[in-house]
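Hello,

Here is the structure for your files. My notes on it follow below.

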Amino acid sequence: MGNIVIIGPRGSGKTTFLAGLAYWPKLKTKIKQKTQLNVTPVNEDTKKLQNMAEDLISEGESLEATKIPTHKNLPVFNFYIELNQRLKKEPEIINLVVKDYPGEIFDDLADYLSQQEFHYGIRPKHEEFWQDCFLPDNLGCLILLTKWWGKVDREYGKSLEAFINLMDEKQRTKDFRVAVAMSKCERGELWPGRLEPDRDIFQRHLPYTKSILEKNIPKKNLCFYAISTFGVLGDNDPRPNRINSGTKSLEMAVLREKNKWQPYNAIAPLYWLTTGKKIGANVQ
Ligand SMILES: Nc1nc2c(ncn2[C@@H]2O[C@H](COP(=O)(O)OP(=O)(O)O)[C@@H](O)[C@H]2O)c(=O)[nH]1
Ligand SMILES: [Mg+2]
């Protein structure tokens with residue numbers, strides 16, 4: 001069993017990412033026919049997510065509760081994943097258990113750092129989530145980041161510094177895997193950098209954030225990814241499979257062509273977080 005959590009700012013695509021995974025068995029595209037992957041939603045929360053996936057992805061609906069639930073009544077998503085890799089006779093099984101933390105948990109990290117610097121002893125907001133996050137049976141977390149311009153490098157860096165302090169305090173610095181992903185990487189400025197996100201996305205656009213992570217997390221426990229739940233229109237058609245919905249905010253988008261839907265790189269970060277082994281983005 002691999003337990004992980006997903007954190008990231010509000011609107012970074014966390015819930016949509018999980019909805020994409022839950023929807024995988026229902027996906028009817030060419031790519032699905034040559035799939036190496038079987039994903040089965042196991043428990044009620046995950047089946048509910050699967051039922052809502054189409055609305056979440058095509059209509060841009062939000063699953064998030066208006067009020068932050070406590071960590072005890074957060075939905076827990078459980079996926080049974082079979083991965084058929086070439087040259088291997090038996091499929092590899094991953095029993096993934098994921099919690100999708102509300103965006104506020106990440107967004108409030110920066111406040112915690114500034115308070116802590118001035119008033120030693122102040123406990124972070126959402127302490128119970130951080131305790132839950134660093135429980136010993138939790139293998140690691142997927143951090144979804146979504147912006148790359150202006151002051152955001154500083155902001156992300158500060159938030160992650162607070163995150164690292166908490167990880168340290170809970171004595172998980174040595175054995176907690178951290179996968180940091182730029183989400184929605186079908187966006188034109190990011191797509192060419194997806195093959196080496198470490199260098200071409202993070203080093204280039206978020207060097208401060210990257211340096212904070214690299215300074216504090218052992219190399220074997222840190223990995224950078226580019227992912228996109230919506231993906232592009234085809235292997236030879238890099239146009240984003242997305243329409244900006246525009247009604248709510250600039251960051252809101254919906255899927256453009258359902259029958260060409262192919263998420264990009266959903267499995268590699270989950271696989272690494274649960275097994276510590278790397279696979280390519282082409283395993284779909
Ligand atoms: N362009 C693009 N938009 C996405 C992608 N994934 C999610 N979104 C959009 O980002 C917005 C926020 O997504 P959501 O999953 O609710 O974010 P959360 O707050 O992190 O759970 C929604 O409008 C989604 O449709 C993606 O891969 N590409
Ligand atoms: Mg959400």
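Pro124 has 6% relative accessibility, so it counts as buried (buried is under 20% relative accessible area, exposed is over 50%, and partly exposed lies in between, with a 1.4 Å probe and protein chains only). Before going on, note that this is a predicted model, where local features need pLDDT of at least 70, side-chain atom pairs count only at pLDDT 80 or more, and totals for chains, interfaces and linings use all residues. Residues are numbered from 1 along each chain as its sequence is written, chains are lettered from A and ligands numbered from 1 in the order in which they are written, and side-chain values use heavy atoms, with hydrogens and water left out.

Pro124 sits in the loop between α5 and α6. Helices (H or I, at least four residues) and strands (E, at least two) are DSSP runs, numbered from the N terminus. Setting aside neighbours within four places in sequence, Pro124 is in contact with Tyr112 and Leu166 (contact means heavy atoms within 4.5 Å). Pro124 and Asp108 are 16 residues apart in sequence, and their C-alpha atoms are 8.6 Å apart in space.

His126 lies in the loop between α5 (109-118) and α6 (127-133). His126 is not a glycine, yet its phi is positive, about 60 degrees. Is His126 buried or exposed? With 15% relative accessibility, His126 counts as buried.

**A cavity beside that loop's residues**

The search of the whole structure finds three cavities of 30 Å³ or more. A cavity is a set of points, on a 1 Å grid over the protein atoms alone, where a 1.4 Å probe fits but cannot get out; a pocket is an open set with protein on both sides within 12 Å along at least five of seven lines; lining residues have an atom within 4 Å of a point. Grid points are joined across faces, edges and corners, and a volume is the space filled by probe spheres set on the points.

The second largest cavity has a volume of about 40 Å³. Which residues line the second largest cavity? They are Ile105, Asp108, Leu109, Tyr112, Pro124, Lys125, His126, Trp130 and Leu166. By class, that lining has six nonpolar, one polar and two charged residues. Ala, Val, Leu, Ile, Met, Phe, Trp, Tyr, Cys and Pro count as nonpolar; Asp, Glu, Lys and Arg as charged; the others, Gly among them, as polar.

**The second largest pocket**

This one has a volume of about 420 Å³. The second largest pocket is lined by 20 residues, and Pro197, Asp198, Cys223, Phe224 and Lys278 lie nearest its centre. Its lining draws at least two residues from each of α8 (197-205) and β7 (222-226). β7 gives the largest share, five residues. The lining divides into 13 nonpolar, two polar and five charged residues.

Ser12 is found in the loop between β1 (2-7) and α1 (14-23). Ser12 is buried, with a relative accessible area of 0%. Its side chain reaches the backbone oxygen of Pro9 at 2.8 Å. Leaving out residues up to four places away in sequence, Ser12 touches Leu144, Thr146, Ser183 and Lys184.

Lys184 is in the loop between β6 (177-182) and α8. Lys184 is another residue other than glycine with a positive phi, near 55 degrees.

Lys99 is in strand β4 (residues 92-100). What joins the side chains of Lys99 and Asp132? A polar contact of 3.0 Å does. A polar contact is a pair of N or O atoms within 3.5 Å; within protein, one must be able to donate a hydrogen and the other to accept it, and residues adjacent in sequence count only if both atoms are side-chain atoms. Not counting residues up to four places away in sequence, Lys99 touches Ile4, Val5, Ile6, Leu74, Pro75, Val76 and Asp132.

**Helix α10 and the whole protein**

Eight of the nine residues of α10 (residues 267-275) are buried, so this helix is largely enclosed by the rest of the structure. Among the buried ones are Tyr271 and Trp272. Gly276 follows α10 and has a positive phi, near 80 degrees.

The protein has 10 helices and 11 strands. Buried residues make up 54% of its 284 residues. Of the contacts with a separation of 6 or more, 73% join residues 24 or more positions apart.

Best wishes
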